[in-house]
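Good morning, and thank you for coming. Please look at the sequence and the structure as I put them on the screen.

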Amino acid sequence: MICRMRSLFKGLSVLINDATPISAANVIVENGRIDEIQLGKYGMPDETSFDEVVDAGSLLMMPGVIDSHVHVNEPGRTEWEGFETATAAAAVGGITTIVDMPLNCSPVTTSLKALQTKLRSLQHKCKVDVAFWGGVIPGNKAELRPMIQAGVVGFKCFLIDSGLDEFPHVTEEDLHPVFETLVGTGSVLLFHAEMDACGCTRSVQSDVTQYETFLQSRPKEWENDAIKLVCKLCLLYKVRCHIVHLSSSEVVPLIQHAQEEGAPLTVETCNHYLTLVSEKVPDGATEYKCCPPIREQVNQDLLWEAIRSDAIEMVVSDHSPCLPEMKNLDTGDFMTAWGGISSLQFGLSLFWSEAKERGFDVQTLVRLLCKNTAKLCQLDDRKGTLKVGKQADFVIWDPEEKQTVEVPMIEHRHKLTPYLSRTLSGVVHRTVVRGRTVYERNKPLPPPSGQPILLEVASKL
């Protein structure tokens with residue numbers, strides 16, 4: 001849906017990309033795209049010609065956040081989440097585009113037919129734009145190029161049990177024909193990079209209500225070994241590869257070495273690894289469980305240093321909700337609870353709350369949460385920065401204002417999150433997608449106007 005109007009967005013604090021200072025600016029939008037940017041100006045002598053004038057005042061206006069790692073779980077598991085609630089949470093959180101993972105929906109998105117089923121399921125539900133990852137499982141290489149032609153932004157695979165029988169993990173033997181299929185496509189292969197090298201899930205004979213028991217069951221070595229394999233294959237085939245939700249800081253030097261050797265390899269981490277630490281997880285608090293696990297304070301500090309050195313280039317939510325009863329709240333059993341953290345709505349504030357205390361600026365935020373995630377998904381021709389010709393996706397927010405996470409404000413279908421009662425810096429006042437306001441603070445959410453994003457492939461593969 002194109003917003004067919006001419007609008008003026010003006011502000012005293014506008015950040016158009018990660019390489020420029022904050023300044024006053026007028027951003028003129030026509031039919032959903034940026035038509036003109038007037039830096040150093042605030043307002044115009046005659047604004048009556050515009051269909052809409054939005055005055056951000058001293059609030060910060062910047063590119064909308066692109067969260068490239070979201071599990072929406074529709075179709076098939078809408079009791080877990082769904083496009084309606086997930087995109088509402090995104091809109092309230094200043095996120096203008098989400099990229100939906102190929103699981104835990106049913107059917108999983110490992111075929112063209114399943115992708116088409118997903119596209120039918122989201123009609124008239126989305127508050128923000130949605131792009132799509134396909135899935136790689138043993139034996140589905142023939143589906144990959146048809147899914148590329150249909151517009152997926154790339155693919156995800158697991159090197160360890162995914163938790164879903166219908167999305168089995170791949171081995172190195174499975175991956176060689178996958179890489180051969182992807183050579184020359186420009187697509188990217190995402191890895192859940194944990195690998196149980198001994199072929200047996202580690203069992204720890206300790207109190208299952210203590211977080212340390214779960215932490216010991218998913219050691220850093222699992223990530224380290226998996227990423228060694230990814231680096232090897234990435235260098236061999238020179239196909240774009242991406243490590244999702246990096247948790248182990250130990251493997252950062254290996255990643256940097258592979259990149260220096262020419263591997264087209266990128267890395268993300270998640271807000272829970274940058275915000276939460278294992279030492280402070282309460283007994284039985286299974287809302288903290290995710291895979292790979294939240295690790296120690298010293299590990300977290302090293303992840304932040306990897307961000308500072310640009311070894312980690314993106315920060316995402318890995319929003320992975322489930323039914324509350326699947327979290328074993330009654331028993332507090334970490335070992336059998338579903339792994340996944342709900343946090344989509346709060347990603348901008350979560351990152352900024354910790355980043356500003358560590359001396360990072362908002363330009364770094366734009367690079368990690370907007371520009372680089374757009375590039376990963378091949379959306380940087382239209383999103384990720386404010387530039388003439390690009391889609392008018394903005395977030396207008398107050399980085400200094402604080403909010404405390406409380407149940408009534410949460411738009412996710414289920415409200416269980418480790419961030420309840422946590423006070424965060426940064427409050428979103430308005431979210432704009434393709435020139436249309438999809439969220440305005442203290443007002444009801446407008447009807448859905450988000451669109452599915454399908455990449456256009458220039459030629460036959």
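Leucine 12 has a relative accessibility of 43% and therefore counts as partly exposed; buried means under 20% relative accessible area, exposed over 50%, and partly exposed in between, with a 1.4 Å probe and protein chains only. Leucine 12 lies in strand S1, residues 6-14; strands (E, at least two residues) and helices (H or I, at least four) are DSSP runs, numbered from the N terminus.

This is a predicted model, in which local features need pLDDT of at least 70 and side-chain atom pairs count only at pLDDT 80 or more, while totals for chains, interfaces and linings use all residues. Residues are numbered from 1 along each chain as its sequence is written, and side-chain values use heavy atoms, with hydrogens and water left out.

Which residues does leucine 12 touch, not counting those up to four places away in sequence? They are Ser23, Ala24, Tyr42, Gly57 and Ser58, where contact means heavy atoms within 4.5 Å.

The largest nonpolar core has 103 residues, and Met62, Leu189, Phe191, Leu246 and Leu265 touch the most other members. Such a core is a set of buried Ala, Val, Leu, Ile, Met, Phe, Trp, Tyr and Cys residues joined through side-chain atoms within 4.5 Å. Helix H6, residues 220-237, gives the most to this core, with 8 residues. A second, separate core of 17 residues includes Ile16, Ala25, Ala56 and Leu59.

Finally, consider a helix pair. Gly347, Leu348, Phe351 and Trp352 in H10 meet Val362, Leu365, Leu368 and Leu369 in H11.
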